[in-house]
Structures are given as structure tokens and as C-alpha cells.
Amino acid sequence: MVLSSVLGFPRIGAHREVKKAVEAYWAGKISAADLQKAAADVRKTNWNSLKERNVDLIPSGDFTLYDHVLDHSTAFNVIPKRYVGLGLSDLDVFFALGRGRQADGVDVPACEMKKWFDSNYHYVVPELSEQTDFKLLYNKALQEYNEAKGLGVTTRPVVLGPISYLVLGKAAKEASANFQPISLLPKILPVYKQLLSELKAAGVDSVQVDEPILVLDKASDLDKQYATAYAELVPVAPKIILTTYFARLDSNVNFIAKLPIAGLHIDLTRAPEQLDDVLAAIKSTQIDLSLGVVSGRNIWKSDLSAAIKQGQKAIATLGQDRVIIATSSSLLHTPVTLANEKQLTAQQKDWFSFALEKAEEVATIAAVLSGSQDPQVAAALEANRISIAKRREFEHTSDDAVRKRVASITTDMYHRKSPFATRKEVQAKKLQLPKFPTTTIGSFPQTKEIRNARARHDKGEITDTQYDEFLEKEIEHVVRFQEKVGLDLLVHGEPERNDMVQYFGERLHGFVFTQNGWVQSYGSRYVRPPIIVSDVSRPEPMTVKWSSYAQSVTKKPMKGMLSGPVTILNWSFPREDVPRKLQSQQLALSLRDEVIDLETAGIAAIQVDEPAIREGLPLRKSDWDEYLEWAVDTFKLATAGVRDETQAHSHFCYSDFDDIFPSIQRLDADVISIEFSKSDMKLLHTFKQYGYSNQIGPGVYDIHSPRVPSEQEIKDRLKATLTIIPDHLMFVNPDCGLKTRGWKETEASLANLVAAARWARENA
């Protein structure tokens, strides 16, 4: 019999119950017990929903109130000393690690976050050193297994594997100069043995051990560590299913096949080509193979016939009992269910599959491969065949004008008229900015009043004129504040925007949108990615109206704000029928028109954000060059159509630039701003090493935390930065946009930022 498996499930609740409960707890509106009750209710619903859909291997231990890696760190006592002895509850320490805390005499910043591989999910980076004292403070996997068992649901616990956990961590400040986190493997293995032996003693049959770094090139150097670790873990553990996702194993499968594991999971939606090599490697072993044939990363309905063929191929080599049908990865990257979508057309709804629907797909594929004669299974298979045929028919349509425009792109369209040195002089005369110019990344607090006005407008409760008048007042308020606090290059604050990608998708042809298609980005920050369904074009200007209005109420220069083509692509659910390059080119041409229109309207600085350009980098280095060529080219296509005097900005967050620095240089942005406040100085040393010559604004404080940085903190960061970056290239700005922050903390933080910049002008 072929079993079905889901590797993980959205932990947000179908109606964002977890977000609401977590934020209510932070606001002091509910107790810790109330929060845990809300979390338990969502877990119960998740487990029962998967059981009802006939999923055989249901995950537990994958739920979190903030981040699953942070859960793992706190369970293993990986808690930096600055969070210890503060008189906080364990729960409040957990949240302080993720978002910082500044209340009741406690003042600690948040830990660093990074992107989870090539997704838009952020994890909290473990801080490790020779002094790290691993111990099992609580067994979350066991707790949730027993919780589900008490509800009548047998689950398969999910645990982040030891080598991936260490490799995804970073050296703490107190670590020695040459410290490598992987050196802690001998210290951490006893804790894993305790955790896994407790699961085995509780009657757990198998455990999903996630080792996603096995799809990275660096894993090829860790074969001995894998052999050592799993030789120790397997004897005391339930059957271990070693789980990989997001890319191919390549040659790593050769040492994986020698491990004493019970099963291996591979991603066949991202890397279908690896199936033959993996089958050949494990054929003569006792290892079961879990096939990730239903995408955990996109929302398109699976082609069940194609997935069944992959399953049949595996069965022909291994036999039925050694094959599992699964989602490619955890479904945390997808919305919960299509059932809550009331505004999609019947045609559109028929294209898509969210988490619960994907669970049904997995169960159906497994049933077919097991030889099921159930009429409902046959009906589901036939309905899927019809749906896929209809979608293929729609995909064959295209917008000839858009395709012709892409075909007519010339090399000249990728380049500014003059080199940066020339542009810098012209822009200095135009903008008249002081030394250490201050600015923000774009958005200002999205208050309850703004959200309510937008909702009322969407429902037709207020007219377009009334809504426009409201937005004008909000924009003028933001402008007057920036003038008052002393910022130099202003923004309009983006009160009209629901999301930095969704807003643009709603104004471009080729997108559709959901009502409740929420996906977790980090903590309680959820996004609703738009869906690209056809060729993309811009019917009319998208931002000119509001940037122009903002410029009309101030004499200071105003910065126009756009999201870049690669970020819009990566933070949407993209098409699967055409290359990502083509989709990015179409977006770039639409944005190029917008950039030129902003310039024509008198906007002298235009920021085209690309926070996702590093995120979209393929996980295997051999695939990098192709991606970086078109990703950089489409950014340049979007920005290169303006005059020398127009200053082009871009923003990047949570990125490891070391590997792609030549591509960052090739973007040729006049100014880039980067996330920096929670990173060490290594990031800026990279800029110095490569001789970056354009202007740069390293973020001087973390906006993902409600904590207000002191003026001295910002001064200290500026001093450190000036040891690496020349003062004539420096901008001073926060890490990211201020949308999620409150006005009180925003006002205090920016006042300190401006004061520190003025200090730098006088003392640097």
C-alpha cells in the first residue's frame, strides 16, 4: 500500500486566528492561557482536517506561535545571555528573541532573521558559540504528538535535523574568530538522542527529520558529519524519514544512500529530474522513498496524472510498500483553503489548490497507486483531468502586444545614459541634500484608521472622492511629520497601499487576488500573495497621483516608491507555464513606464525595491548565472529609462550579499539601502572588499521590532559603518519600511535617527 503524507501545515488558522491571538497577547488583551487555547484550537482543526481527507502521515510538532526554528532554539536552550535573568516568562523570552522587548525595565533587541532558503518565510537565526549549553528544556515534538493522540489522531512528529540546525545558525559575538557552528555536533547529538528516544518510548512509529541543507552545495562537505550523526541517532529513534525539499540532491544522494535511515523524502516539483538518480542510489538499500509530487510552494492544482506516472516509476523500481506520496515541502507557504474564497470566478477557482486541497490531492494519488476502486477516487481523478485540460487551454492564450514589446527589448534599454560618477554630480545639484542625508524606506504606520477607511472604500461605504480626501490628509500628515523631524529626502508614506506587491498586482493586467489567501512571512506578519495568471501589462499609472500630491505639499524632494520586477515575481504565486524570466521582463516594462511617468511628474528620486532578488537565487550554484543575468537585467530595464538627474534607489533586506556582489554592483542603482542593524559588520566588509562605489544606506535600526533605538545606539552604528563606508557615499535610514510599526515608536526612532545624522555631519 502506498501511504500519503503532508510534511507540514499552515500554522496561522483559516481566518488568521493565531495572528489575532498573538497580537492580542502582546497588547495585554488576553492571557498566556488564552493564547495557548487559541493555538490548541488551530492545531486540533489542522489535524482533524487532514485526517478527514484521508492523509496517512499527518505532521505534528510543526506548529509555532512565531517561528519553528526559534521553537527549536528555545527547546534546546540556545538562548543568548542577554535574554536570561530578565524576570520574563518562558513565553515572553520566546517572543523577545523574535521581536525584541522594550517594556517594564527590559530593553533587548530582536535576534537576526534570515530568509528560509529561497522562500519569503523568515526564520530566527540561532546564535551559537563554544559556550552554548545544549539541553532539552522541553520536547515540543512529543508534547504535540501526545496532544494529537488525545484527540484520536495519530501523527508523525517533525523535527529539524541537527546538521541543518547548526549550519543555519551563526557564530555568536562571544565565539572565537574561527568558530564554526558545525563543530558543536558532538555536543548537540546527546540532546537529539534524548528527544528521539522519548518519542520512541511514547510509541511513535516514524519521525520526519528535516535536513533541507542537503539540497545545498555545502552539504557535500558534510558527509562524515551525516554518517556520524545518524549512526548515533537511528538506534534510539523511531524510524527516521530524512526530509529534503526545494531543490535537488545531486551527488549528495550517494552518501545519503549509505545512511541507516528508514526513508528519504525528495522534492519532485522543484527537481523532477532527480528521480532517476535517487532511485538508482537507493534501489539496493532498505530506504523507503517519499515523493514530493504536490507543490508546497505554489497554488496551482496538481496534474494528478503526471504525479501518478512519477509514482508508478518509483513503484516499478522499489515496490509499493517502499513508496510514499507527499507534498514537496511543508504547506506553510500556501494559504489554508480555497473554501474561504468567495470572489474568485468559477474558472479561476478551478485552477487553484491551497493546503487542504493539496492534502486531498496527495491522498487521491496515493489511493490510485494503491489500486483503489473507490468511485470517489475515480471521480476526483477525472475531475482533475478536466480541470488541467481547461487550464492548459487558457494558458495558450497570450497578449500579442506584450509579447511583441518583450521581443523588441534592446541592449541600450538596460543602461543609464551616463556612468554613476557623472550622475552623482548632476543629482547633487538637483536634490541639494546635506552630508549624511536622511530618508526612510517608504511606508509609514498603517494605522487602524487607514485600514478601516480602505475597507469601507472597498465595500462601497465611502465614495472615491471621500477616500481620496482621506488619503490626502494622511499623506500631508506624514509629510509634515518628516519636515518637522528633519528628514531630508521624503516619502509619501503609502497609506493607499495594502501590500507592497498586492497593490501593484491590483493595478496590472495579468493578476488575480484572493480574499483569504494569507501566508506567514514572519511572526504575526502575514501576506496575501497575488497570483500571476496571464501576460502582464500596465493599463495606466499606478503611483504618480499620490507621489505628485505629496511633492505638491512640500519644497523638500520627494521619493517615488515602487516594488521591483523580481520582487513582485518572487512574492507572487507565479505562472508555471512560462519562464520566470519572461514574467519578470513583462513586469519590468510595466515598471519602466511608471518610473518615466514619475520623472515626468517632477519626482526627482525613485526607489525600486528588490528585497527578494537574493531570495530568488537558485539553491545550486550551477544555476546562479542564468538567474542573476535576467534578474539584474530586468531591474535595469525598469530603472534605466530616466535622465541622469533622477536618482534611482533600491532596497534589499535580509540578504547574504557575499555570493552575488558583482550582480549588486551591476544593478547600477544610484543609492541602495540594506538591512544591517541585526547583522554583523561582515556585510559591510563585503562592500569594502569589492570596492562598491555607489551610495549606500545601511539600516541603522530594526523596524521589525517595536523597540525604540537610542540616539547613542545609532551614533555607534554610524561610527562603526564609517570605518568601512566613505562618508560621501552614506545615507542614513531605517532597515525597512515602517508599515508594521506604531506612530509613537516611529516618531521617537526617527527623531533619534535624525539627531544621530546631524551629529555625524558635525563630527565625522
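Which strands each supply at least two residues of the lining of the largest cavity? Select β16 (519-522), β17 (525-527) and β19 (559-563); strands (E, at least two residues) and helices (H or I, at least four) are DSSP runs, numbered from the N terminus. Of these, β19 gives the most, with three residues.

The model is predicted, so local features need pLDDT of at least 70 and side-chain atom pairs pLDDT 80 or more, while totals for chains, interfaces and linings use all residues. Residues are numbered from 1 along each chain as its sequence is written, and side-chain values use heavy atoms, without hydrogens and water.

Next, select M500, R525, W571, C736 and G737, which are the closest to the centre of the largest cavity among its 32 lining residues. A cavity is a set of points, on a 1 Å grid over the protein atoms alone, where a 1.4 Å probe fits but cannot get out; lining residues have an atom within 4 Å of a point. This cavity holds about 540 Å³ of space, a volume being the space filled by probe spheres set on the points. Its lining comprises 15 nonpolar, 11 polar and six charged residues, with Asp, Glu, Lys and Arg counted as charged and Gly as polar.

Then move to the second largest cavity, of about 370 Å³. Select G61, H68, V158, V159 and L160, which lie nearest its centre.

Notes. On a 1 Å grid over the protein atoms alone, a cavity is a set of points where a 1.4 Å probe fits but cannot get out, and a pocket is an open set with protein on both sides within 12 Å along at least five of seven lines; lining residues have an atom within 4 Å of a point.
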